[in-house]
Amino acid sequence: MSRRPEPPRITFGGKPAVVLTPEDYQSLAAARRQVGGQATRIKVLRRELADAVALLAEAEAQLADHHRHPADAPADAPADAPADAAAPCAGCGLLESVREWMRAPQRSGAPGHSAAEPGTG
């Protein structure tokens, strides 16, 4: 792997300095503006993610409070109530999906959406 070229260094007013061509300086300034814009966007996304995680935690708590699994049904349940307690329960699946997402490392994109699909979700 080749080394990147080092700009010439000089001493100016007793302090070390680097000499850049006007084109290199403009390129550096453009890169700094891009990084500044990206840093701002990251701050906004981090705040939105924290809000989404808090909302998801609240939703998970609400679901857990109100969810009743068919196996928990009282013995005097109506005859048309589901009899198969081993069958997958949509509420349990939803709760487990939320819990898995909450345990997973933070990543870009909303749950169930790929980061490669901008504008969806």
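How far apart are the end C-alpha atoms of α1, and what span should its 45 residues give?

1. Basis. This is a predicted model; local features need pLDDT of at least 70, side-chain atom pairs count only at pLDDT 80 or more, and totals for chains, interfaces and linings use all residues. Residues are numbered from 1 along each chain as its sequence is written, and side-chain values use heavy atoms, with hydrogens and water left out.

2. Helix α1. The end C-alpha atoms of α1 are 66 Å apart. Helices (H or I, at least four residues) and strands (E, at least two) are DSSP runs, numbered from the N terminus.

3. Burial in α1. Ala29, Leu56 and Glu60 are buried (under 20% relative accessible area; exposed is over 50%, partly exposed in between; 1.4 Å probe, protein chains only). The cover over the buried residues of α1 includes α2 (90-103).

4. Salt bridges. The whole structure holds two (a side-chain nitrogen of Lys or Arg within 4 Å of a carboxyl oxygen of Asp or Glu). Glu6 pairs with Arg9 at 3.3 Å, N to O. Glu6 is partly exposed at 48%; Arg9 is exposed at 60%. Arg103 pairs with Glu96 at 2.9 Å, N to O. Arg103 is exposed at 57%, while Glu96 is partly exposed at 33%.

5. Leu20. This residue lies in the loop between β2 (15-18) and α1 (22-66). Leu20 is partly exposed, with a relative accessible area of 36%.

Technical notes
The expected span of a helix is 1.5 Å times one less than its number of residues. Contact means heavy atoms within 4.5 Å.
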